[in-house]
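Reader: I am new to protein models. Please walk me through this one in short steps.

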Amino acid sequence: MNFKIPSEKLIPFIKNALIIIIAQVVIYLLNLIQININFEAREYSVLLSCLFVIVPTTFIVVLFKLKPYHLLLGIPVWIIMMLFFFVPGHYLTVQTPTITDTAFTSFADSLLYRLFAIIEIVALELLVTLFVMLVKRIALSCSKLDRYDVLKYTLLPIFIWVTIAVYMNIVNILIAPLISHLCSQLDSTYSEIKSIIWLAAFVLHTVCQIVIVSIFTSKATRKFSLSAKSLLVIIPITYLLFALYAPHGWYMLVFTGIVHWFFSTFPAMPYWYASIFITLQYGFVMLCAVAAARAKMYPDKDNKDPSDRPSEPISEILYCSWKRENILKENLSVARYNRYFDRMSRCAKILKDEKRLDTLLPYLKDDNISVRFDIATLLFSYYKNECTEVLSQIAQMTEEKGLPKHLASLPENADKLVNDDFFGEVNAYETSF
């Protein structure tokens, strides 16, 4: 067996390991600084310790594009530093004692608390990394949006917010007083009936909110072809809207007014705090609605019996080309369109390995324009002259000359490929086999 690690994997590992080691040493030194600063309140020490972990972690994740699993390399570094260069103090919320402390009479007790500190620091680093990656994903998604995308991603949360606000005001002004009046007519002997009325009202109120969010999300999914990734843009907008204005009341499992619970009174939640939980709840409902709507829009027939699909590479390529044209005709998702593209590429690689790539050449003269385009893109790197001629003909086609409306994007793509300016699917084809 060959145990040699390829250099293309070893070098990135060494680089990431060095970055993590340097970053952990810096974080450790910053923690030593805050430990030696005398604070009257423990909260200030904990806050400063958190900042000394969050800020360097954010910096290295953004600068060096580190992943969460890279930070696991920091665990042995922290263990070594905490064992050999240990300074008692507050590491985040964990107070690591000395073996001379009266509450900790053995080295094992002190060692256990050091382990708690290591786990908490590395866990905070992982959370910071995940948060930075999420923010980066949202920023990239927003940077690729045109005006139409911004409009369609903004409309859904606005409609939900307006409808929920109107509904909440109707409940507060009309329905809630009516239920309170009804319950007040019942004396203490009917306490069970009053409880049933309040419980039924709460369940119905929750269901109404779920229905409102689900209906708007399903309609938007069908109208704008929303996906789960779209929620990365929609969720922050939803939060901002509910932080701006949210009438007091029950938002599913969140109550924004004064709460009386177990003989204790809790003050009303601030808008920004309540909006976090409202958005998380509605976001989960939106995610379920998007998944259900897309499952209904794009039933995945490819997951059925594999024997129903052609297995021979040429037949598979023609089948995928037909499916791609059907996706364009029905204006379905680009991701589904590209998925068939990848399958065609894998089949073409099989033909190349078997030295049968030339068996696809006759399909450059197929009557179907979509088939000619797909085959030409597959063979472009190997039969450039023949494919350039076919693609040049497709580039000159227009709807006035008989080009089907759903294939209107092919001439532009064919022209880009001929002029070495096609950075989308074609590059994936050329580099995949």
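Questions and answers on this structure follow.

Author: This is a predicted model, where local features need pLDDT of at least 70, side-chain atom pairs count only at pLDDT 80 or more, and totals for chains, interfaces and linings use all residues. Residues are numbered from 1 along each chain as its sequence is written, and side-chain values use heavy atoms, with hydrogens and water left out.

Reader: How many helices and strands does the protein chain have?
Author: Helices (H or I, at least four residues) and strands (E, at least two) are DSSP runs, numbered from the N terminus. Counted this way, the protein chain has 14 helices and six strands.

Reader: What share of the 433 residues is buried?
Author: Buried means under 20% relative accessible area, exposed over 50%, and partly exposed in between (1.4 Å probe, protein chains only). Of the 433 residues in the protein chain, the buried share is 37%.

Reader: Is cysteine 347 buried or exposed?
Author: Its relative accessible area is 9%. The cut-off for buried is under 20%. Therefore cysteine 347 is buried.

Reader: How many disulfides are there?
Author: A disulfide is a pair of cysteine sulfur atoms within 2.5 Å. By this rule, the count of disulfides is zero.

Reader: Which cysteine has the sulfur nearest to that of cysteine 347?
Author: Cysteine 347 is in no disulfide. The nearest cysteine sulfur is 5.9 Å away. It belongs to cysteine 320.

Reader: Are helices H12 and H13 parallel or oblique to each other?
Author: Axes are lines fitted to C-alpha atoms, for helices over the stretch in contact, and angles run from 0 to 180 degrees between N-to-C directions. The axes of H12 (residues 384-395) and H13 (residues 410-418) come within 7 Å and cross at roughly 140 degrees. Angles under 35 degrees count as roughly parallel, over 145 as roughly antiparallel, 65 to 115 as roughly perpendicular and the rest as oblique. So H12 and H13 are oblique.

Reader: How many nonpolar residues are in the contact of H12 with H13?
Author: Contact means heavy atoms within 4.5 Å, and residues here include Leu391 of H12 and Leu417 of H13. Ala, Val, Leu, Ile, Met, Phe, Trp, Tyr, Cys and Pro count as nonpolar, Asp, Glu, Lys and Arg as charged, and the others, Gly among them, as polar. The contact has two polar residues, one charged, and, for nonpolar, eight.
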